[in-house]
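Please keep the sequence and the structure in view while reading.

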Amino acid sequence: MSKLIVSLSPHAHGSDSVERNMYGVIIALIPALLVSFLYFGIGSAVVCASSVAACVFFEWAITKYIMKREPTLTDGSAILTGLLLGFNLPSNLPVWIIIIGALVAIGIGKMTFGGLGCNPFNPALVGRCFLLVSFPAQMTSWPIPGQLLNYVDAQTGATPLSVMKAAIKSGDASLLNQLPDSLSMLLGNTALNGGAGTLGEVCALALLIGFAYMLWKKIITWHIPVSILATVFVFSGLLHVANPIYASPIAELLSGGLMLGAIFMATDYVTSPMTHKGQVIYGIAIGALTVIIRNWGSYPEGMSFAILIMNAFTPLINTYIKPKRFGEVARKESK
């Protein structure tokens, strides 16, 4: 007769793991990665490969030689950070700048705080914003898609967000006629109207496919992405109705890094709130901040800054919005 051993909870084991989730997100990014190869060719390959390799190397070196711990590269977090950092960069960025961004993302954004699970800010966005402030000219030079064999010498042009910002500054709503149509922005076909932005924002449809995959695999929930997108749609729609110099809500949704940030960056487990209610509040705040920075800030894009700002508020949200304890409702009903 076998013994019945009763141990402390939890008594059930799920298939969820850090590795499963990290590689699941990487799989979800594959459609956008393939589209970036299609539009930018060798530039996309160089930027993504350099970013991933540098992030993996710096995590290995810092963990082994500075933190004196056994490296855990197999969990996929360094690969994902490198891929997301590459997605936030233009396709003509020099390799030496990419390496600096990877060092900041891993060394400052992640390992300084103790490694995976301890970082208060999204590491890829830390690296991206550092490069944007340090190398503004290189980080805002947007190659025109279709130059598959050009890398550093690729011809550049204005992005849809740049056109939107120019319309606001000049007060001339007719400038918005230069924007691609909604279908072109959904598919990433903005070559006729100028640059397409960073690698990861070239095709909204590819990012939405990744979003559907992560929902299907239950890697993330809908609360953060939907609350961000809904807030941007409503806020920008009200501005557009009030004054036509502001772009339509559809154009706002399909341009820049909004989809990439809402789906893949803001949903980072470590830097986002734990509860669904907290995630909705978090998402609404990110959406509102993004619209404010886009329309009245110095930069055409505000998604990265909005996410980092709300990363700082995540501990506060978690403190005041907590899930109910197990059995709490039953105890109240019994009294």
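A polar contact is a pair of N or O atoms within 3.5 Å, where, within protein, one atom must be able to donate a hydrogen and the other to accept it, and where residues adjacent in sequence count only if both atoms are side-chain atoms. The model is predicted, so local features need pLDDT of at least 70 and side-chain atom pairs count only at pLDDT 80 or more, while totals for chains, interfaces and linings use all residues. Residues are numbered from 1 along each chain as its sequence is written, and side-chain values use heavy atoms, with hydrogens and water left out.

Lysine 165 is found in helix H7, residues 160–170; helices are DSSP runs of H or I with at least four residues, numbered from the N terminus. Lysine 165 is buried and has no salt bridge, the nearest side chain of opposite charge being glutamate 252 at 9.1 Å. Here buried means under 20% relative accessible area, found with a 1.4 Å probe on protein chains only, and a salt bridge is a side-chain nitrogen of Lys or Arg within 4 Å of a carboxyl oxygen of Asp or Glu. For the charges, Lys and Arg count as positive and Asp and Glu as negative, whereas His and the chain ends are not counted. What the side chain of lysine 165 does reach is the backbone oxygen of glycine 297, at 2.7 Å.

Glutamate 252 lies in helix H11, residues 249–254, and this residue counts as buried because its relative accessible area is 3%. The side chain of glutamate 252 makes a polar contact with the side chain of arginine 294.

| Side chain | Partner | Distance |
|---|---|---|
| Glutamate 252 | Side chain of arginine 294 | 2.8 Å |

Contact means heavy atoms within 4.5 Å. Leaving out residues up to four places away in sequence, lysine 165 touches residues including Arg294 and Asn295, and with that same exclusion glutamate 252 touches residues including Arg294, Asn295 and Leu258.

**A covered helix**

Leu258 is one of the buried residues of H12, a helix that is mostly covered, with 8 of its 8 residues buried. H12 spans 258–265 and supplies at least two residues of the lining of the largest cavity, as do helix H5 (123–134) and helix H14 (303–320).

Note on methods
Buried means under 20% relative accessible area, exposed over 50%, partly exposed in between (1.4 Å probe, protein chains only).
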